[in-house]
Amino acid sequence: MARQAGVSVATVSRVLNGQAVVKAETRDKVMAAVDALGYRMNHLARNLRTAASRLLLTMVPDVGNPFYAEIVRGIDSVARQQGYFVLLCDTGADPGRERSYFDLLRTRRADGAICLDPDTVQQALAEEAAPLPWVACCEFDPEAAVPYVGIDNRAAAREAVQHLLARGHHRIALINSDERFLYARQRRQGYRDALTDAGLRLHPEWQVNVRSLDFAAGAEAAAWLMALPEPPSAIFAVSDTLAIGVLRGLRDAGRRVPDDVAVIGFDDIALAAQVDPPLTTVAQPMRELGETAARLLLQRLAEPGVAVPGMLLPHRLICRASA
């Protein structure tokens, strides 16, 4: 295999063992040789030698949310390249369930973890989990000594609302999520920033919090907003699943989108471009978030004593027909 890749046997060993000191170009050559030769590593034998499980945990608050699916695919693609398996853990954003998964790290039944649970849940376990090999993805505490990857939710939400303002809307509602989540608090603040900067008053009745991110919650919130004495002319929903529910709720209320009410979502899941009308939304680099989280974790595993920095990835406003 080393001859096929044009590298040394030691370099092949470093790549197959997931050590981060190998250049990306060299790693690609080795993995191409692995594929060409049909090589399959004896993970059991290696695990017995190294006491490594080659198992990475991905802790997700709701596996039914399509937003997380693409992130998990990104994590899995990087993990598999480095000979790791990924165990998907549905925590339900419950600290007790998350603690039980961290116990797998303590007992070395898993090598590392990527956590997408609310930052408030992470903070509740911060002291006991800090020494363990894990990274935070999407939800994070920048003050904690834990590597993280995410986006600037506050800036992204402000940009979305500014788009509505530029289209002439001044009665803009927010349909927000559970504020245990960092993204919900940051997107709420971005919404308020944009309205305040435009000199507009914040209307409490136009700011709705829902307990789940499903279609039904979005439809119900839209129906409630349309029943107000002074309903909004635009709605910013903090997830696409909510926003797609909003489209249904507005249709049921006899409102046309965007003629009567404009709608913006967040995430850019695959369905966002397929609904009628196609959804204007803030695109998160979902697969890249997962890939980056996996690389940060592998770097932390390869170099336990080296500080791994946090990262914010860029977002994009995707303009379609709903706003």
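Leaving aside neighbours within four places in sequence, which residues is D193 in contact with? I opened the notebook with this point, working from a predicted model.

**Entry 1: D193.** I located D193 in helix 10, which spans residues 182-197. Beyond its neighbours within four places in sequence, D193 is in contact with R154 and R158. I then looked up its accessibility: D193 has 11% relative accessibility and therefore counts as buried, the cut-off being under 20%.

**Entry 2: helices 5 and 13.** I next examined helix 5 (residues 66-81) and helix 13 (residues 286-302), which pack at an angle of about 40° with their axes 7 Å apart. Because of this angle, helix 5 is oblique to helix 13. I noted the crossing of the two helices as right-handed. On the helix 5 side the contact includes F67, E70 and R73; on the helix 13 side it includes M286, R287 and E291. By class, I recorded eight nonpolar, three polar and five charged residues in the contact of helix 5 with helix 13.

Entry 3: I traced an open sheet of six strands in the order 7-6-8-9-10-12, with mixed pairing. Strand 7 (207-209) and strand 12 (316-318) each have a single partner strand, so one side of each lacks a neighbour in the sheet. The twist from one strand to the next averages 20°. Strand 6 (residues 172-176) pairs with strand 8 (residues 234-237) in the parallel sense over four bridges, and L174 has F236 in strand 8 as its bridge partner. I found helix 12 (residues 240-252) packed on the sheet, where helix 12 touches strands 6, 8, 9 and 10. The direction of helix 12 makes about 160° with that of strand 9 (262-267).

Definitions and conventions
Residues numbered from 1 in each chain as written. Predicted model: local features only at pLDDT ≥ 70, side-chain atom pairs only at ≥ 80, totals over all residues. Heavy atoms only, no water. Axes fitted to C-alpha atoms, helices over the stretch in contact; angles between N-to-C directions. Parallel < 35°, antiparallel > 145°, perpendicular 65-115°, else oblique. Left-handed = near helix turned anticlockwise from the far one by under 90°. Contact = heavy atoms within 4.5 Å. Nonpolar A, V, L, I, M, F, W, Y, C, P; charged D, E, K, R; others polar. Buried < 20%, exposed > 50% of the residue type's maximum accessible area, 1.4 Å probe, protein only. Pairing = 2+ DSSP bridges.
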